[in-house]
Amino acid sequence: MTDVKQYVDGFVSERTAWLSQPYIGIPNNYVGLQLSSTEQLYKIGRKAHRAGWQLATHANGDLAIDRILSVYERIQRGLPKRDARFRIEHCTLAPKPLVGRMGAMQVIPAPISVYAYFHGDVRHFYGQERAKDTFPMRTFLHAGLRPTDSSDNTASPVDPQLTRTHMKGDVWGASQRITLPTSNPFAGQ
Ligand SMILES: [Zn+2]
(Lines give C-alpha, C1' and ligand atoms only; values in the text may rest on other atoms or scores of the structure.)
Protein backbone atom coordinates (compact mmCIF):
# COMPACT_ATOMS: atom_id res chain seq x y z
CA MET A 1 0.00 0.00 0.00
CA THR A 2 1.44 3.36 -1.01
CA ASP A 3 -1.40 5.83 -1.08
CA VAL A 4 -4.16 7.31 1.05
CA LYS A 5 -7.65 7.52 -0.43
CA GLN A 6 -10.13 10.11 0.75
CA TYR A 7 -13.57 10.95 -0.69
CA VAL A 8 -14.73 14.38 -1.79
CA ASP A 9 -18.06 13.32 -3.30
CA GLY A 10 -20.26 10.47 -4.53
CA PHE A 11 -20.64 8.58 -7.79
CA VAL A 12 -21.58 9.41 -11.39
CA SER A 13 -23.86 6.39 -11.79
CA GLU A 14 -25.77 7.28 -8.59
CA ARG A 15 -26.02 11.00 -9.46
CA THR A 16 -24.16 11.90 -6.27
CA ALA A 17 -21.10 13.43 -7.96
CA TRP A 18 -20.76 17.01 -6.63
CA LEU A 19 -21.36 19.46 -9.49
CA SER A 20 -20.97 23.23 -9.85
CA GLN A 21 -24.22 23.37 -11.85
CA PRO A 22 -27.40 21.40 -11.07
CA TYR A 23 -28.22 18.00 -12.50
CA ILE A 24 -30.66 18.08 -15.39
CA GLY A 25 -34.16 16.82 -14.60
CA ILE A 26 -33.74 16.61 -10.80
CA PRO A 27 -35.70 19.17 -8.75
CA ASN A 28 -34.49 21.80 -6.25
CA ASN A 29 -31.22 22.64 -8.02
CA TYR A 30 -29.72 19.40 -6.76
CA VAL A 31 -25.93 19.36 -7.29
CA GLY A 32 -24.94 16.03 -5.70
CA LEU A 33 -23.18 15.25 -2.43
CA GLN A 34 -20.10 16.53 -0.68
CA LEU A 35 -18.80 13.69 1.51
CA SER A 36 -15.82 15.39 3.21
CA SER A 37 -15.21 18.98 4.20
CA THR A 38 -12.32 20.81 2.55
CA GLU A 39 -10.69 21.29 5.96
CA GLN A 40 -10.85 17.56 6.70
CA LEU A 41 -9.35 16.71 3.31
CA TYR A 42 -6.58 19.21 3.95
CA LYS A 43 -5.78 18.06 7.49
CA ILE A 44 -5.62 14.34 6.67
CA GLY A 45 -3.99 14.97 3.29
CA ARG A 46 -1.25 17.15 4.75
CA LYS A 47 -0.47 14.63 7.47
CA ALA A 48 -0.25 11.78 4.94
CA HIS A 49 1.79 13.90 2.49
CA ARG A 50 4.24 14.79 5.25
CA ALA A 51 4.56 11.11 6.23
CA GLY A 52 5.48 10.19 2.64
CA TRP A 53 2.17 8.78 1.42
CA GLN A 54 0.81 9.45 -2.06
CA LEU A 55 -2.59 11.16 -2.03
CA ALA A 56 -5.28 9.56 -4.19
CA THR A 57 -8.58 11.32 -3.68
CA HIS A 58 -11.94 10.21 -5.04
CA ALA A 59 -13.52 13.15 -6.89
CA ASN A 60 -16.09 12.80 -9.67
CA GLY A 61 -17.92 16.12 -10.08
CA ASP A 62 -16.27 19.34 -11.26
CA LEU A 63 -16.85 21.06 -7.91
CA ALA A 64 -15.30 18.08 -6.11
CA ILE A 65 -12.27 18.21 -8.43
CA ASP A 66 -11.98 21.96 -7.90
CA ARG A 67 -11.98 21.47 -4.11
CA ILE A 68 -9.36 18.71 -4.07
CA LEU A 69 -7.11 20.68 -6.42
CA SER A 70 -7.28 23.61 -3.99
CA VAL A 71 -6.33 21.23 -1.18
CA TYR A 72 -3.41 19.80 -3.19
CA GLU A 73 -2.25 23.33 -4.10
CA ARG A 74 -2.37 24.37 -0.45
CA ILE A 75 -0.50 21.25 0.72
CA GLN A 76 2.23 21.78 -1.90
CA ARG A 77 2.62 25.43 -0.91
CA GLY A 78 3.15 24.49 2.72
CA LEU A 79 5.17 21.31 2.20
CA PRO A 80 6.59 21.42 -1.34
CA LYS A 81 7.57 18.01 -2.66
CA ARG A 82 9.07 17.30 -6.06
CA ASP A 83 7.13 14.70 -8.02
CA ALA A 84 4.36 14.51 -5.42
CA ARG A 85 2.28 12.42 -7.88
CA PHE A 86 -1.06 13.50 -6.42
CA ARG A 87 -3.86 11.46 -7.96
CA ILE A 88 -7.53 12.15 -8.56
CA GLU A 89 -9.49 8.92 -8.60
CA HIS A 90 -12.21 8.75 -11.30
CA CYS A 91 -11.77 12.46 -12.08
CA THR A 92 -14.91 12.28 -14.16
CA LEU A 93 -16.13 15.80 -14.97
CA ALA A 94 -13.01 17.87 -15.63
CA PRO A 95 -13.47 21.00 -17.80
CA LYS A 96 -10.34 22.59 -19.30
CA PRO A 97 -9.59 25.14 -16.53
CA LEU A 98 -9.42 22.29 -14.00
CA VAL A 99 -7.22 20.24 -16.32
CA GLY A 100 -4.92 23.29 -16.58
CA ARG A 101 -4.56 23.37 -12.81
CA MET A 102 -3.87 19.64 -12.82
CA GLY A 103 -1.17 20.23 -15.43
CA ALA A 104 0.55 22.86 -13.28
CA MET A 105 1.03 20.25 -10.54
CA GLN A 106 1.24 17.17 -12.78
CA VAL A 107 -1.72 15.61 -10.98
CA ILE A 108 -2.52 12.11 -12.26
CA PRO A 109 -6.14 11.57 -13.32
CA ALA A 110 -7.44 8.01 -12.93
CA PRO A 111 -10.74 7.95 -14.85
CA ILE A 112 -12.97 4.97 -15.62
CA SER A 113 -13.94 5.64 -19.21
CA VAL A 114 -15.73 2.29 -19.45
CA TYR A 115 -18.54 4.15 -17.65
CA ALA A 116 -19.63 5.33 -21.09
CA TYR A 117 -20.46 1.72 -21.88
CA PHE A 118 -22.07 0.69 -18.58
CA HIS A 119 -23.60 3.93 -17.31
CA GLY A 120 -24.52 5.69 -20.55
CA ASP A 121 -28.14 5.51 -19.41
CA VAL A 122 -27.49 8.28 -16.81
CA ARG A 123 -25.73 10.63 -19.25
CA HIS A 124 -28.88 12.73 -19.73
CA PHE A 125 -28.67 13.90 -16.09
CA TYR A 126 -25.38 15.58 -17.03
CA GLY A 127 -26.31 16.76 -20.53
CA GLN A 128 -24.51 17.03 -23.87
CA GLU A 129 -22.50 20.09 -22.88
CA ARG A 130 -20.92 18.41 -19.86
CA ALA A 131 -20.47 15.09 -21.66
CA LYS A 132 -17.51 16.44 -23.62
CA ASP A 133 -15.68 17.21 -20.36
CA THR A 134 -16.43 13.81 -18.86
CA PHE A 135 -13.44 11.43 -18.51
CA PRO A 136 -11.79 13.82 -21.01
CA MET A 137 -8.93 11.60 -22.13
CA ARG A 138 -8.01 13.76 -25.12
CA THR A 139 -7.86 16.94 -23.01
CA PHE A 140 -5.76 15.16 -20.38
CA LEU A 141 -3.26 13.97 -22.99
CA HIS A 142 -3.10 17.36 -24.73
CA ALA A 143 -2.34 18.98 -21.37
CA GLY A 144 0.65 16.67 -21.01
CA LEU A 145 -0.91 14.65 -18.19
CA ARG A 146 -0.39 10.90 -17.79
CA PRO A 147 -3.88 9.56 -17.15
CA THR A 148 -4.41 5.95 -16.19
CA ASP A 149 -7.63 4.20 -17.15
CA SER A 150 -9.62 1.46 -15.50
CA SER A 151 -11.57 -1.08 -17.51
CA ASP A 152 -11.97 -3.96 -15.06
CA ASN A 153 -10.69 -6.08 -17.93
CA THR A 154 -11.46 -8.95 -18.35
CA ALA A 155 -14.73 -8.36 -16.53
CA SER A 156 -15.55 -5.60 -19.04
CA PRO A 157 -14.28 -4.76 -22.50
CA VAL A 158 -11.44 -2.28 -23.11
CA ASP A 159 -13.02 -0.78 -26.25
CA PRO A 160 -15.27 1.84 -24.62
CA GLN A 161 -12.32 3.97 -23.52
CA LEU A 162 -11.81 4.60 -27.23
CA THR A 163 -15.35 4.61 -28.62
CA ARG A 164 -17.18 6.15 -25.62
CA THR A 165 -20.27 4.30 -26.74
CA HIS A 166 -23.00 2.92 -24.47
CA MET A 167 -24.08 -0.71 -24.87
CA LYS A 168 -27.29 0.58 -26.47
CA GLY A 169 -25.35 2.74 -28.93
CA ASP A 170 -25.53 6.23 -27.34
CA VAL A 171 -22.21 8.15 -27.54
CA TRP A 172 -20.84 10.04 -24.51
CA GLY A 173 -18.71 13.02 -25.64
CA ALA A 174 -17.33 11.90 -29.00
CA SER A 175 -14.77 14.75 -29.08
CA GLN A 176 -12.82 13.03 -26.29
CA ARG A 177 -12.32 9.82 -28.25
CA ILE A 178 -8.73 8.67 -28.50
CA THR A 179 -7.10 6.30 -30.93
CA LEU A 180 -5.18 3.21 -29.99
CA PRO A 181 -1.73 4.76 -30.71
CA THR A 182 -2.69 7.82 -28.61
CA SER A 183 -3.67 5.60 -25.75
CA ASN A 184 -0.46 3.56 -25.84
CA PRO A 185 1.63 5.93 -23.69
CA PHE A 186 -0.48 5.11 -20.64
CA ALA A 187 -1.57 1.56 -21.51
CA GLY A 188 -0.72 -0.88 -18.78
CA GLN A 189 0.47 1.73 -16.31
ZN1 LIG B 1 -13.55 5.91 -5.61
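Visitor: How many helices and strands are there in the protein?

Guide: This is a predicted model, in which local features need pLDDT of at least 70 and side-chain atom pairs count only at pLDDT 80 or more, while totals for chains, interfaces and linings use all residues. Residue numbers start from 1 along each chain, as its sequence is written. Helices (H or I, at least four residues) and strands (E, at least two residues) are DSSP runs, numbered from the N terminus. By that rule, the protein has eight helices and four strands.

Visitor: In what order do the elements run?

Guide: Start reading at the N terminus and follow the chain. You will pass β-α-β-α-β-α-β-α-α-α-α-α.

Visitor: What percentage of the 189 residues is buried?

Guide: A residue is buried if 20 or more other C-beta atoms lie within 10 Å of its own, exposed if there are 12 or fewer, and partly exposed in between, with C-beta atoms placed from the backbone. Among the 189 residues of this protein, the buried share is 38%.

Visitor: Which residues is alanine 64 in contact with, leaving aside neighbours within four places in sequence?

Guide: Two residues are in contact if their C-beta atoms, placed from the backbone, lie within 7 Å. With those sequence neighbours set aside, alanine 64 meets Val8, Asp9, Ala17, Trp18 and Ala59.

Visitor: How is helix α1 placed against α2, roughly parallel or oblique?

Guide: Axes are lines fitted to C-alpha atoms, for helices over the stretch in contact, and angles run from 0 to 180 degrees between N-to-C directions. Angles under 35 degrees count as roughly parallel, over 145 as roughly antiparallel, 65 to 115 as roughly perpendicular and the rest as oblique. The axes of α1 (residues 38–50) and α2 come within 10 Å and cross at roughly 40°. That angle makes the placement of α1 against α2 oblique.

Visitor: How do the residues of the contact between α1 and α2 divide by class?

Guide: The α1 side brings Thr38, Leu41, Tyr42, Gly45, Arg46 and His49, and the α2 side brings Arg67, Ile68, Ser70, Val71, Arg74, Ile75 and Gly78. Ala, Val, Leu, Ile, Met, Phe, Trp, Tyr, Cys and Pro count as nonpolar, Asp, Glu, Lys and Arg as charged, and the others, Gly among them, as polar. The residues of this contact divide into five nonpolar, five polar and three charged.

Visitor: And how do α2 and α3 lie, roughly parallel or oblique to each other?

Guide: Their axes are 10 Å apart, and the packing angle is about 25°. The two helices are therefore roughly parallel.

Visitor: Is the crossing of α2 and α3 left-handed or right-handed?

Guide: A crossing is left-handed if the near helix is turned anticlockwise from the far one by less than a right angle, and right-handed if clockwise. For α2 and α3, the crossing is left-handed.

Visitor: What is the phi of aspartate 83?

Guide: Look in the loop between α2 and β3 (87–90) to find aspartate 83. This residue counts as exposed because 5 C-beta neighbours lie inside 10 Å. Most residues other than glycine have a negative phi. Aspartate 83 is not a glycine, yet its phi is positive, at about 55°.

Visitor: Is arginine 85 exposed or partly exposed?

Guide: Arginine 85 lies in the loop between α2 and β3, and its phi is positive, near 55°. Because 16 other C-beta atoms lie within 10 Å, arginine 85 is partly exposed.

Visitor: How far apart are the C-alpha atoms of glycine 10 and histidine 58?

Guide: Glycine 10 sits in the loop between β1 (3–7) and α1. It counts as partly exposed, because it has 19 C-beta neighbours inside 10 Å. Although glycine 10 and histidine 58 are 48 residues apart along the chain, their C-alpha atoms are separated by 8.3 Å.
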